[in-house]
Amino acid sequence: MAELRDCPKCGDFFNYTGLRDVCAKCAVSEEKMYEEVYRFLRRRENRAATIERIVEATGVTETLLHQWVRKGRLQPALFPNLGYPCDNCGKLTNTGKLCVSCTADIKNELRTFEAAQEFREAVDANDKATYHADRKLK
């Protein structure tokens, strides 16, 4: 079922169905901007254009470019200088939410945490060991 939302661009109300985050009027203008950017990038000399160059030449916002790359509308395989910011450090990436270095850092921290947890479990198991000794009481 659709819910009523404010359009983040123009402030009008629209029925949000999960397909787009803006009203129909703003979606049409975004689509026109997308077509302009895509036409710009299809030219051979512009395929390796940076995000700053695309913004300068077409007038589209950086956040909109990032959004299109994240959604897969602009493929980084075809246009190598495109990407979107990593959610952790802000460095450009084109897969997932985190860049390669942040992913490696998190994996390393997880390995360290798991090793520490295994060590704690081994110490706890060793502390729970029961020792029996035969002593003669007098």
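At what angle do helix H2 (residues 51-58) and helix H3 (residues 62-71) pack? The angle is about 120°, and the axes of the two helices lie 10 Å apart. Axes are lines fitted to C-alpha atoms, for helices over the stretch in contact, and angles run from 0 to 180 degrees between N-to-C directions.

## Basis of the model

The model is predicted: local features need pLDDT of at least 70, side-chain atom pairs count only at pLDDT 80 or more, and totals for chains, interfaces and linings use all residues. Residues are numbered from 1 along each chain as its sequence is written, and side-chain values use heavy atoms, without hydrogens and water.

## Elements and extent

The protein chain has four helices and four strands (DSSP runs numbered from the N terminus: H or I of at least four residues for helices, E of at least two for strands). Their order from the N terminus is β-β-α-α-α-β-β-α.

Along the principal axes, the C-alpha atoms of the protein chain fill a box of roughly 100 × 45 × 20 Å. Of its 138 residues, 24% count as buried (under 20% relative accessible area, with a 1.4 Å probe and protein chains only).

## The contact of H2 with H3

Ile51, Ile54 and Val55 of H2 meet Glu62, Leu65 and His66 of H3 in this contact (heavy atoms within 4.5 Å). By class, the contact has four nonpolar residues, one polar and one charged. Ala, Val, Leu, Ile, Met, Phe, Trp, Tyr, Cys and Pro count as nonpolar, Asp, Glu, Lys and Arg as charged, and the others, Gly among them, as polar.

Methods: Buried means under 20% relative accessible area, exposed over 50%, partly exposed in between (1.4 Å probe, protein chains only).
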